[in-house]
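I opened this notebook page to record what I looked up in the structure, going from the whole chain down to single side chains.

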Amino acid sequence: MASKLDRIEKDIQKTKSKIAEYQKQLRELEAQKTEQENLQIIQLVRGMNMKPEEFAAFLRSGAMQAAPAVTAYHEQEDTAHEE
């Protein structure tokens with residue numbers, strides 16, 4: 001009986017360790033994703049060839065009020081794997 005309990009306790013610790021490892025990996029991947037999104041935004045803004053004052057005026061003039069165009073990026077994420 002004790003050996004079975006010991007094996008279960010080892011499995012629990014092993015599983016907890018893997019979960020912690022995966023959580024760390026997930027945080028790193030999310031940080032990388034955010035960094036890449038930010039780089040894309042910066043490239044788009046720089047591609048507009050505007051001075052910072054012009055860009056600020058552009059945003060104040062209502063550019064932020066326009067609804068974003070629906071692109072593949074805006075399509076609903078496939079969450080079937082999470083169920």
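The entries below follow the order of my look-ups.

Entry 1, the chain as a whole. I note at the outset that I am working with a predicted model. I looked up the secondary structure and found 2 helices and 0 strands in the protein chain. I then turned to burial, where I read that buried residues account for 1% of the 83 residues in the protein chain.

How many salt bridges does a search of the whole structure find? The search returned 1 salt bridge, and I traced it to the side chains of Glu37 and Lys33, with an N to O distance of 3.7 Å. This pair counts because the cut-off between a side-chain nitrogen of Lys and a carboxyl oxygen of Glu is 4 Å. I placed both residues in helix H1, which covers residues 2-46, where they sit 4 residues apart, about one turn of the helix.

On the surface I found a nonpolar patch formed by Met48, Met50 and Phe58, which together have about 220 Å² of accessible area. I followed up Met50, which lies in the loop between H1 and helix H2 (52-63). Met50 counts as partly exposed because its relative accessible area is 32%.

Definitions and conventions:
Residues are numbered from 1 along each chain as its sequence is written. This is a predicted model: local features need pLDDT of at least 70, side-chain atom pairs count only at pLDDT 80 or more; totals for chains, interfaces and linings use all residues. Side-chain values use heavy atoms; hydrogens and water are left out. Buried means under 20% relative accessible area, exposed over 50%, partly exposed in between (1.4 Å probe, protein chains only). Patches are made of residues with over 30% relative accessible area and no salt bridge: like charges are joined within 9 Å, nonpolar side chains (Val, Leu, Ile, Met, Phe, Trp, Tyr) within 5 Å. Accessible areas come from the Shrake-Rupley method with a 1.4 Å probe; for residues, only the protein chains shown count as cover.
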